[in-house]
Amino acid sequence: MMYALIFSRDLIKREHFNSTTQMTAQSSKTVLSLDSEAVFSLKDGINFKKSPDDGKCYIIYKENGELKACKNQCKHQGGLFIKDIEDLDGRTVRCTKHYWKLNVSTMQYVNPPDSFTQDELDVVMTDEGGLQLVEVIVWDPWLADPQDPQELQEGEVTVTYLTHACMELQLGGKKMIFDPWLTGPAFARGWWLLHEPPADSMERLCMADLIYISHMHSDHLSYPTLKSLSATRPDVPIYVGDTSRPEPLSKGSLMPFSCYLRQIDEHLRFMILKDEVHPELDTCIIVEYKGHMILNTVDCTRPNYGRLPHNVDLMMSDFAGGASGFPMTFSGGKYTESWKADFIKNERKKLMNYKAQLVKSLQPKIYCPFAGYFVEAHPSDRYIKETNTKNKAEELNALIKKSAPGITTWTPKPGAVLDLALALMSPSRKAITDPPSGTNIYKDSWDFDLYVDELNRAITAEIFKHKSWIQFYYIWAGFKNYNLVVRVIETDEDFIPIDNGYNYLVDFMDLSFPTQRPTREHPYEEIKNRIGVMRHVVKNGLLWDDLYIGFQNRLSREPDVYHHRFWNHFQTELPVAGPDWDLFLQQVSSYQRSAEPQGIQTESVSASTLSLKKADCTVS
C-alpha cells in the first residue's frame with residue numbers, strides 16, 4: 001500500500017492508495033578503469049581523468065596512499081571542475097559555471113560554505129594493481145511496472161498551453177492541470193504573467209479532475225489562483241511531492257517519490273520525482289496514459305539524480321533563466337553594469353546549451369520549453385526588466401533542431417493545443433492547433449494597484465509600532481550560531497532608506513541585535529528591502545523568496561561570498577507555522593502595563609522578556 005496525506009491547515013488524515021510500490025533494487029557499473037601503470041602515476045592531491053569510452057570526466061584524490069573519487073560534475077548545475085589557482089593545498093577544484101568550489105579531500109563544497117556534499121564513487125583495486133571507479137545505480141522507477149504503448153485515437157490525448165508553467169492535459173476521460181498561475185503576481189509583486197491566459201482558463205481549472213503543483217514557489221503555487229479555484233471547486237484533488245517543506249493546501253495530497261499512483265483510472269497513472277540539488281523544494285512529474293509518457297521536469301536542476309526516461313512522447317522543461325535576484329540586485333565591488341551584462345549573457349548561453357544537450361540526450365519525440373514566461377512588468381522594476389534578459393523559446397528550439405533534427409519542437413502560445421495521437425502518427429501532420437488569429441498573446445495590463453495595495457497594508461500593522469518585533473521575529477526564524485552580521489534597512493520604491501523606517505543589525509553568531517558592528521572578524525551583508533513587501537513577509541511568516549527572487553531588495557556584501565546556510569534557511573527552512581503575533585501583542589501590552597510606573601518605553605522591551613511558544617520556534 002502507498003500513503004498520501006490529505007490535509008488542510010486544521011486537519012491531517014491518511015488516505016490509502018493501491019499502487020505498485022517501487023522496489024529499491026540497485027545495480028552498479030564501472031565508469032573508469034586504470035591499469036597498474038596509470039595507478040602508479042597518480043600524484044598526491046588532485047588527478048583529473050577522462051574515460052576513453054564515453055568521454056566523461058572524473059576526479060581522483062590521493063593522500064597518504066588512500067584514494068577518493070567522484071564525477072567531475074558540479075552538483076549545482078552540472079559544470080565541469082578545473083584546478084583552483086587560489087588553492088595552495090592542492091585539495092580544491094573550481095566549477096567553470098558559477099565558480100563553486102569543492103574540497104575533494106572531504107567531498108564538501110567550500111564555496112558556498114556549508115552547502116552540498118559531493119557523491120563519491122567506489123574505488124575498487126584489482127588483483128593486478130589497477131583500479132576501477134564504480135557507480136551505484138538505483139533502478140529506474142518507471143521501469144518497475146512497464147506498459148506497452150497502445151494506439152491513441154485523435155483527440156484522446158491533448159495538451160493545451162495556458163500560460164507560464166500551466167498546461168492542461170486531456171487524458172482520455174480525465175483532465176489534469178499543471179502549476180496553475182492564472183492571475184495576480186508571483187514573488188510578492190516582482191513577477192507578472194507575460195502571456196495572456198485564454199479567457200476560459202479559470203473555467204478549465206475548475207473543471208479539472210486533478211492538479212499537480214511542482215513546488216511552493218508562487219509562480220507555480222499561486223494563492224490568488226487557488227483562492228479563486230476554492231470558491232468554485234474546493235474539493236478538487238491537488239497533488240504535491242512529499243518534500244521536507246510541503247505547502248499546506250486544502251485537500252492537497254502528499255505523494256511519495258518514485259511510485260506510480262494507479263487510482264486515477266484504468267489507463268492513467270503518474271509518478272513524482274524529486275530534485276537532487278533542491279530536494280526540499282523542487283519536484284518533477286512523469287504522466288503515463290496507455291503506456292505513453294509525458295515528462296515535465298519543470299524547474300528541477302538535477303531531478304532523480306540525473307536519471308530520466310528516454311524517448312518519452314512529450315518532454316517539457318524550463319528554459320528562460322532570470323529566476324533570481326543575482327546579479328541584478330547586487331552592488332559594490334565587481335558588480336558594475338558591464339560585469340552584470342556579461343555575466344547574464346554568459347549564464348543564459350550556458351543554460352541554453354545545457355537544455356539543448358539534455359533534450360538531445362533524452363531524445364523525446366516532442367519537446368516544449370515552458371515555465372519561463374514572466375515579466376517584471378511593474379514600472380518600479382524597469383531596471384530589472386531591462387537588465388534581466390532571458391532566453392527565447394524559439395532560439396532554444398532552433399538549437400535543438402540543429403543538433404537533434406529528429407525531435408519535434410513546440411513553441412507554445414496561450415490556448416494552443418497539441419494532439420499527441422496526430423503528432424505521433426506523422427511529424428508532417430498538423431498536430432498543433434494555434435489560437436485563432438487576432439488572439440491577444442501577450443498581456444498589456446496588470447492589476448498593479450490591487451496587489452501592491454494589499455502588500456502595503458502590512459506597513460501599518462500594529463506589531464510594527466513596537467521595535468521589539470525585530471527580536472521576536474528573528475527568534476521565531478530560528479537561525480543562529482553562524483558568523484554573519486546583517487544590516488536590514490526599510491526603503492521606499494527606489495530603495496532609498498525611509499526616515500522613520502527600521503534600520504537594524506542582526507548578529508547571527510549569538511542572535512543579538514547590536515547598535516554597531518562587532519569588533520571580531522565577521523562577514524557582513526546589507527539588505528535594503530521595500531518596506532511594504534518586507535513587512536508583509538514578516539507579518540505572515542513568509543519565505544524570503546518574495547524579496548530575493550522577486551527583486552524587492554538590493555544587496556551588498558563583504559567579502560563577496562554567498563552564505564548558503566543563511567539564505568537557504570530564510571528561503572526554505574523557516575518554521576511552517578508563522579509568528580504568533582497575537583502572543584507578541586499580548587506580551588507587549590502586559591509589559592507596558594507593568595512598566596508604566598517606571599516610565600519604560602515599549603521600544604525598550606527586550607527579546608528575553610518576550611517568550612515564544614516552543615512549537616513556534618521549531619525549524620521544520
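Two strands count as paired if DSSP finds at least two bridges between them, and strands (E, at least two residues) and helices (H or I, at least four) are DSSP runs numbered from the N terminus. What you have open is a predicted model, where local features need pLDDT of at least 70, side-chain atom pairs count only at pLDDT 80 or more, and totals for chains, interfaces and linings use all residues. Residues are numbered from 1 along each chain as its sequence is written, and side-chain values use heavy atoms, with hydrogens and water left out.

**Stop one: a sheet.** Now widen the view to strand 9 (residues 101–103), which runs antiparallel to strand 10 and is joined to it by 3 bridges. Both belong to an open sheet of 4 strands, ordered 7-8-9-10 with antiparallel pairing. Strand 7 (81–83) and strand 10 (108–111) are at the edges with a single partner strand each, so one side of each has no neighbour in the sheet.

**Stop two: E168.** Next, pick E168 in strand 14 (residues 166–171). Is E168 buried or exposed? E168 is buried, at 4% relative accessible area (buried means under 20%, exposed over 50%, partly exposed in between, with a 1.4 Å probe and protein chains only). Show R204 too: the side chains of E168 and R204 make a polar contact at 2.7 Å (a pair of N or O atoms within 3.5 Å; within protein, one must be able to donate a hydrogen and the other to accept it, and residues adjacent in sequence count only if both atoms are side-chain atoms).

**Stop three: helix 10.** Finally, select residues 531–540, where 8 of the 10 residues of helix 10 are buried. Among them are I531, M534 and V538.
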